[in-house]
Amino acid sequence: KLDAIAKLSAERTRSDDEMVIKSANVLKLAVEAGNLSSFDEFKGWDQASIVRTLQGGLTINPASKDIQTTVINISYTSGNPKLSEAVVAGVMSAYGSFLGAD
């Protein structure tokens, strides 16, 4: 699956990737894919509030100093490591779905 995402994103720039990953459409899918509303940190929150929080908390950086790299690191910092893991897994799944890699 990651190979498929890498191939599909090879023609995109990192800036494009970051905009797409942080878009409301992708993050709505990520909330569902990561079952994020089940975490105490987001209990009782509506989807739009979770999406806004994710947009502010996600960090997307190049995985290499090579200016040509299309590989990125996605991270989310939280006091709950399981939430951070679920956010990143949800975002990766949602981004793959958005690109049609599934």
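# Reading a predicted fold, feature by feature

Author: This is a predicted model. Start with its largest nonpolar core, which has 25 residues. Ile 21, Leu 36, Leu 54, Leu 58, Val 87 and Val 91 touch the most other members.

Reader: Which elements give two or more residues to this core?

Author: Helix 2 (14-21), helix 3 (24-33), helix 4 (47-57) and helix 5 (81-99) do. Strand 1 (58-62) and strand 2 (72-76) do as well. Helix 5 provides the largest share, eight residues.

Reader: How many helices and strands does the protein chain have, and in what order do they run?

Author: There are five helices and two strands. From the N terminus on, the order is α-α-α-α-β-β-α.

Reader: What share of the residues counts as buried?

Author: Of the 102 residues in the protein chain, 34% count as buried. Look also at sequence distance. Among contacts with a separation of 6 or more, 57% are between residues 24 or more positions apart.

Reader: Which residue does Val 26 approach from 72 residues away in sequence?

Author: That residue is Phe 98. The two C-alpha atoms are 6.6 Å apart in space. Val 26 itself lies in helix 3. Its relative accessibility is 0%, so Val 26 counts as buried. Not counting residues up to four places away in sequence, Val 26 touches Val 20, Ile 21, Ala 94, Tyr 95 and Phe 98.

Reader: How should I read a helix?

Author: An α-helix has 3.6 residues a turn, so residues three or four places apart point the same way. Apply that to helix 5. Its buried residues include Leu 83, Val 87, Val 91 and Ala 94. Others among them are Ser 84, Val 88, Tyr 95 and Leu 99.

Reader: What span should helix 5 have, and what span does the model give?

Author: Helix 5 has 19 residues, and at 1.5 Å a residue they should span 27 Å. The end C-alpha atoms are 27 Å apart, which agrees.

Reader: What is found at the two ends of helix 5?

Author: At the start, a side-chain oxygen of Asn 80 reaches to within 2.9 Å of the backbone nitrogen of Lys 82. After the helix comes Gly 100, with a positive phi near 80 degrees.

Reader: Is Ser 84 buried or exposed?

Author: Ser 84 counts as buried, because its relative accessibility is 12% and the cut-off for buried is under 20%. Ser 84 lies in helix 5. A polar atom of its side chain lies 3.0 Å from the backbone oxygen of Tyr 76. Ser 84 also touches Thr 77 and Ser 78, not counting residues up to four places away in sequence.

Reader: Tyr 76 belongs to a face of strand 2. Which one?

Author: Tyr 76 is on the covered face, with Ile 72 and Ile 74. Asn 73 and Ser 75 form the uncovered face.

Reader: How do strand 1 and strand 2 run, and how many bridges join them?

Author: The two strands run antiparallel, joined by five bridges.

Reader: How do I read a pair of aromatic rings?

Author: A pair of aromatic rings is described by the distance of the centres and the angle of the planes. A search of the whole structure finds one aromatic pair. The rings of Phe 42 and Trp 45 have centres 5.0 Å apart and planes at 70 degrees, so the pair is edge-to-face.

Reader: Which value stands out for Asn 35?

Author: Look at its phi, near 50 degrees. That is a positive value in a residue other than glycine. Asn 35 is also found in the loop between helix 3 and helix 4. At 45% relative accessibility, Asn 35 counts as partly exposed.

Definitions and conventions: Residues numbered from 1 in each chain as written. Heavy atoms only, no water. Core = buried A, V, L, I, M, F, W, Y, C linked by side-chain atoms within 4.5 Å. Buried < 20%, exposed > 50% of the residue type's maximum accessible area, 1.4 Å probe, protein only. Helix = DSSP H or I, 4+ residues; strand = E, 2+ residues; numbered from the N terminus. Contact = heavy atoms within 4.5 Å. Polar contact = N/O pair within 3.5 Å; in protein donor to acceptor, adjacent residues only side chain to side chain. Phe/Tyr/Trp six-rings, centres within 6.5 Å; stacked < 30°, edge-to-face > 60°. Expected span 1.5 Å × (residues − 1). Pairing = 2+ DSSP bridges.
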